[in-house]
Amino acid sequence: MSEAAGNNTAMSGAGSLFADGFWRNNAAFVQLLGICPLLAITTTLVNGLALGIATTLVLIATNSVVSLIRGALVPSVRILIFVLIIASLVTTVDMLTNAFFHDLYRVLGLFIPLIITNCTILAQAESVASRHRIDHAALSGLATGLGFAAALVMLGGLREIVGSGTLFSGMEFLLGEALRGVYLNLPYDGMLAAILPPGAFFGLAILIAARNYFADRKKTNPSRREEAAVRP
Amino acid sequence: MADSERQGLRAILAVAVIAVCAAGLISVSHRISAERIERNVAERILRSLHEVLDPSLYDNDLVGTQVWAIDPDLLGTTDPVQVFLATRNGEPAAAIFAAVAPRGYNGAINLLVGVDAAGVIQGVRVTDHRETPGLGDQIEIAISDWVTGFDGTSLSDPPLPQWAVAADGGRFDAFTGATVTPRAVVQAVRDTLVYFNGHQAELFERAAAAEDVETNPESSGANPP
């Protein structure tokens, strides 16, 4: 049945599916899932970006695998199976990052294994991947992951600018030694509070408020009717 | 009844199959990455050792020449402390202590302290700490060059009473807003020097004796507590 529904809205489906994962149901700003890594790691933009990329890769992989085996899922143990799949894929990402991006691994350290506990991934497996074809599931994973990564990057960038007065510091962890020392240094020393844990909450609150403001403004536009018609 | 039994069997089978696949995936990625991870770690250790000791000062396998030292009073921890011993043409050249400053503002601060055979500091680096970002974290070389202030110091320069932060009448600067952190580091470096002063010969002898034997923290305690 989901196949038929998927075919009907095939064209607008992909765009709306993407918008859904990225904006309307943004994991971090709307669903408030995955807050633990979000708050902990976003002291710089680069840290946020790196964890965002790792999470996106994991989401695409877990959604695809779960979607592929959805026919064989046994309802009573499905959560157990999801967690097994997520944990083994994250462990793989963890080991490969350690082997091939060692410096980055030292920065993200604890937080790659913690991707396992990111509820976004389990929520995606349960509510999307186990009910849809692999293309739908993978796209949803991509959109959700990118939405989460965008949130990490914005919060990381905000906290880095306000807290340290720099931006893009640590780029060498992602893109190689050539970029060591290449970052924006603002004429401002930074406000410590933004780097400390409370700053993460304040920053997240500001970004959620900003997102809600834009979402509300969009609703007052004529296009609102269209949106309302799609989701009665 | 039979139906629910079949359901149960299916559930067990599904979980078992997935578990086997998961284990297979992890073992494959372990196989791909294990060797590289090991090499990365060894490289990282050597790179950090070279931060506190000029590579031209020694010619042995530094990472491979380790002994363990136990001295809760001077080395800051009841655990064995890793000591890397550098030799040149077979003669003792320097030692690098993975010392601990136990009285940081937020718990212990881990250090690497490089001392040459004459007891002169070749370099100090902070490897791990939980000091307040923006205040105590200036002990990190990435944030400030404060730790380079130890280079070239020894137990006689400055004289022992001046091995303290300026606030305590010593020769080492503290940072604005953070005295506890630099004080802890200065004390730890000083105590490491004192330890090295008293145990230098013994450390190198043990390293020579243990050349072919696996170093074992249990059997090589310098000062049994």
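Okay, let's start with chain A and its contacts. Take the contacts between residues at least 6 apart in sequence: 79% of them join residues at least 24 apart. One thing to keep in mind throughout is that this is a predicted model. For chain B, look at contacts with a separation of 6 or more, and there residues 24 or more positions apart account for 54%.

So what is chain A built from? The secondary structure comes to 12 helices and 2 strands. If you walk from the N terminus, the elements of chain A go α-α-α-α-α-α-α-α-β-α-β-α-α-α. As for burial, 40% of the 232 residues of chain A count as buried.

Let me zoom in on one helix pair in chain A. Helix H4, residues 45-68, packs with helix H8, residues 134-164, and the axes are 8 Å apart at an angle of about 165°. Because of that angle, H4(A) is roughly antiparallel to H8(A). And which hand does the crossing have? H4(A) passes H8(A) in a right-handed crossing. If you sort the residues in that contact by class, you get 18 nonpolar, 14 polar and 1 charged.

Still in chain A, have a look at the backbone at Leu32(A). For context, most residues other than glycine have a negative phi. Where does Leu32(A) sit? You'll find Leu32(A) in the loop between helix H2 (10-24) and helix H3 (35-41) of chain A. Buried or exposed, then? Leu32(A) counts as partly exposed, because there are 14 C-beta neighbours inside 10 Å.

Along the sequence, the pattern in chain B reads α-β-α-β-β-β-β-β-α. Chain B has 225 residues, and buried ones make up 34% of them.

The strand pairing is the part I'd like you to follow on the screen, and I'll go through it by way of E5(B). Strand E4, residues 100-104 of chain B, pairs with strand E5, residues 107-116 of chain B; the two run antiparallel and 3 bridges join them. To get your bearings, find Ala101(B): the bridge partner in E5(B) is Ile109(B). How many residues does the hairpin between E4(B) and E5(B) go through? The hairpin joins those two strands through 2 residues.

E5(B) also pairs with E3(B), over 4 bridges and again in the antiparallel sense. The pair to look for there is Ile96(B), which stands opposite Gly114(B) in E5(B).

Then there's E6(B). E5(B) and E6(B) are joined by 6 bridges, and they run antiparallel. Pick out Leu112(B) here, and the bridge partner in E6(B) is Arg125(B).

One is Asn89(B), where phi is near 50°, another positive value in a residue other than glycine. Asn89(B) is in the loop between strand E2 (81-88) and strand E3 (91-97) of chain B. With 8 other C-beta atoms within 10 Å, Asn89(B) is exposed.

The other spot is a peptide bond. Asp157(B) and Pro158(B) are joined by a cis peptide bond, with omega about 0°. Remember that most peptide bonds are trans. And where on the chain is that? Pro158(B) lies in the loop between strand E6 (121-128) and helix H3 (180-209) of chain B.

Last topic: the two chains together. How many residues does each chain bring to the contact? Chain A brings 19 residues and chain B brings 18. On the side of chain A that touches chain B, the elements giving two or more residues are helix H5 (78-100) and helix H10 (192-195) of chain A. Which element gives the most on that side? That would be H5(A), with 11 residues. By class, the side of chain A that touches chain B has 13 nonpolar and 6 polar residues, and no charged ones.

That's my tour, thanks everyone.

Terms used
Residues are numbered from 1 along each chain as its sequence is written. Chains are lettered from A and ligands numbered from 1 in the order in which they are written. This is a predicted model: local features need pLDDT of at least 70, side-chain atom pairs count only at pLDDT 80 or more; totals for chains, interfaces and linings use all residues. Two strands pair if DSSP finds at least two bridges between them. Axes are lines fitted to C-alpha atoms, for helices over the stretch in contact, and angles run from 0 to 180 degrees between N-to-C directions. Angles under 35 degrees count as roughly parallel, over 145 as roughly antiparallel, 65 to 115 as roughly perpendicular and the rest as oblique. A crossing is left-handed if the near helix is turned anticlockwise from the far one by less than a right angle, and right-handed if clockwise. Ala, Val, Leu, Ile, Met, Phe, Trp, Tyr, Cys and Pro count as nonpolar, Asp, Glu, Lys and Arg as charged, and the others, Gly among them, as polar. A residue is buried if 20 or more other C-beta atoms lie within 10 Å of its own, exposed if 12 or fewer, and partly exposed in between; C-beta atoms are placed from the backbone. Two residues are in contact if their C-beta atoms, placed from the backbone, lie within 7 Å.
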